[in-house]
Amino acid sequence: HSYDQPYRTAYHFQPPKNWINDPNGPLRFGGLYHLFYQYNPKGAVWGNIVWAHSVSKDLVNWTPLEPAIFPSQPSDIKGCWSGSATVLPGNKPAILYTGINQLNQQVQNLAMPKNLSDPFLREWVKSPKNPKMAPTSANKINSSSFRDPTTAWLGQDGDWRVLVGSKRGTRGMALLYRSKDFLDWDEVKHPLHSTLGSGMWECPDFFPVLKNGQKGVDTSVNGDHVRHVLKASLDDKKHDYYMIGSYNAAKDKFIPDKVFDDFIIRYDFGKYYASKTFFDDGKKRRVLLGWVNESSSVADDIKKGWSGIHTIPRAIWLHKSGKQLVQWPVEEIEKLRAKPVKLAPQDLKGGNLLQINGVTATQADVEVSFEVSELRKAERLKYWIDPQILCSRKGSSLRSGLGPFGLLVFASEGLQEFTSVFFRIFRYQHKYLVFLCSDQSRSSLNKNNDLTTYGTFVDVDPLKEKLSLRTLIDHSVVESFGGEGRGCITARVYPTLAINDKAKIYVFNNGTSEVKITRLHAWSMKKAHIK
Ligand code: DQQ
């Protein structure tokens, strides 16, 4: 019952019980989306990992199937870890995944559908010749740092390429393999890319994005009309970072743009890891899936019987500046919107709090836009500071000239508990900087939870643009998109008072100058069918 399980989500992906982590092998086949994911069939903590399997027509409602890949061969007998799908010519899906072999080494295995006329692709057959890639004394690959094959791509020469995450010392890297037939794979002498000090690269991802436009392209596309994105989940930092650059196909190397000569930007500045994209050939878009773990204690996870959710799938494309990616929840999620609530444009004076009535506050989608007129009131930032640190020093109770203003979600009557998602504008040198913060420090009276505050800089110009914020609220998750998807922050919260019908949503301005709400639309979200 939902009253015993106030933190279970209603429209984010999660199985009925137990542990989940990385999304694996997403693909579209015969009009159906397939999602596999790391799953422990036996409990709410990590272990006994298999590839659980669900299918969907819309990336919102999901039907569970039996696990697709589970330990059964010497090359995966101790676990079936992360990997990716590639749709081979003739519409034949293939999965490359990491197996943990009987010696506890990480190796890469191949599996293909048993029956291509089954649209559910229920049964997968492993190659009897697994593993396809393995650490040896000759290749000097570290057998505990060799995992998570990407979706493969086809070169002009007709050869397949795939990446596997690894490291040598502290140098994280994407090892490159080549194949003529997808069956036999050879290591290429040099990695596609590596960076000193980044540590182990988990779940690498490598894909083209159009220079212009929001459409996606297939993973093998290259040319003057695209840029390439290299993403890695950095094990040392537990965040997903990416670089933008070009793929030199002749040399088989990724060359990041100068500003990205290291991993500096993230997909999401909150809790978010082990993400992966795939090309959706139906809607011609690239879709990003990611894992969000709990912020509660392991003891609490075991008590509630589950741990881990996935974010709402996001369409992802290159911003017209060419300097960052933009992410936006797939449009299908809007089918769950019900009972729309609108607020007339109005000024919000400094210190004001306005309740958004008429929406189910634990299960909502809120879009709000602000306009600021008195930019000269912005506080001056004397030196550059990490946005997360800035947000933790300057939480929602600390007033400045411009901000904090934004949303209070999961707020209890009397505000003993609330989570705030807000903007703050600073003047830095000759520019204005917009910060988006997600402040969990007051989210729960239960201090056993991780209450870290998150923050990011959002590249919007407050002189020319409105400051927009969209927040997806779902029982224990707050997924926020600032500047139309230019800054994303996902947080987990476990209020003790602001649960079920006791939760409230407010729009607030705690700055000293007034701001204008130019638009506020909110919806209650229907429950998705996810078993
Ligand atoms: N999770 C998998 C690994 C991967 C890690 C194991 C990332 O393959 O490196 O469950 O969360």
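Me: Helices (H or I, at least four residues) and strands (E, at least two) are DSSP runs, numbered from the N terminus. In which strand does Thr 195 lie?

Reply: Residues are numbered from 1 along each chain as its sequence is written. The model is predicted: local features need pLDDT of at least 70, and side-chain atom pairs count only at pLDDT 80 or more, whereas totals for chains, interfaces and linings use all residues. On this basis, the strand that spans residues 193-195 holds Thr 195, and that strand is β14.

Me: Is Thr 195 buried or exposed?

Reply: A residue is buried if 20 or more other C-beta atoms, placed from the backbone, lie within 10 Å of its own, exposed if 12 or fewer do, and partly exposed in between. Thr 195 has 20 other C-beta atoms within 10 Å, so Thr 195 is buried.

Me: Which residues does Thr 195 touch, not counting those up to four places away in sequence?

Reply: Two residues are in contact if their C-beta atoms, placed from the backbone, lie within 7 Å. Gly 358 lies elsewhere, with its C-alpha atom 51 Å from that of Thr 195 and 163 residues away along the chain. With residues up to four places away left out, Thr 195 touches Arg 171, Gly 172, Asp 262 and Phe 263.

Me: Why does the radius of gyration agree with a compact globule?

Reply: The radius is taken over C-alpha atoms, and the globule rule is 2.2 Å times the number of residues to the power 0.38. The C-alpha atoms fill a box of roughly 70 × 55 × 40 Å along the principal axes. For 531 residues the rule gives a value near 24 Å, which agrees with the chain because its radius of gyration is 23 Å.

Me: What percentage of contacts between residues at least 6 apart in sequence join residues at least 24 apart?

Reply: The chain contains 2 helices and 39 strands, and buried residues make up 51% of its 531 residues. Among contacts between residues at least 6 apart, the share joining residues at least 24 apart is 63%.

Me: Which strands each supply at least two residues of the shell around the ligand?

Reply: A residue is near a molecule or strand if its C-beta atom, placed from the backbone, lies within 6 Å of it. There are 14 residues around the ligand, and Gln 38, Trp 81, Ser 82, Glu 202 and Ala 274 come nearest. At least two shell residues come from each of the strands β1 (18-29), β5 (80-88), β15 (201-210) and β20 (273-280).

Me: How many residues of the shell are charged?

Reply: Ala, Val, Leu, Ile, Met, Phe, Trp, Tyr, Cys and Pro count as nonpolar, Asp, Glu, Lys and Arg as charged, and the others, Gly among them, as polar. The shell around the ligand holds 5 nonpolar and 5 polar residues, and the number of charged residues is 4.

Me: What is the bridge partner of Trp 153 in β11?

Reply: Strand β10 (residues 153-154) and β11 pair in the antiparallel sense over 2 bridges. Their hairpin has 5 residues between the strands, including Gly 158, which has a positive phi of about 85°. In β11, Trp 153 is bridged to Arg 161.

Me: Which residue in β38 is the bridge partner of Leu 408?

Reply: UniProt, in an unreviewed entry, lists "domain: Glycosyl hydrolase family 32 C-terminal" for residues 332-524; positions follow the numbering used here, feature names are shortened, and annotations may be inferred rather than shown by experiment. Strand β31 (residues 405-411) is mostly covered, with 7 of its 7 residues buried. β31 runs antiparallel to β38 (residues 504-509), joined by 5 bridges. The partner of Leu 408 in β38 is Tyr 506.

Technical notes:
Pairing = 2+ DSSP bridges.
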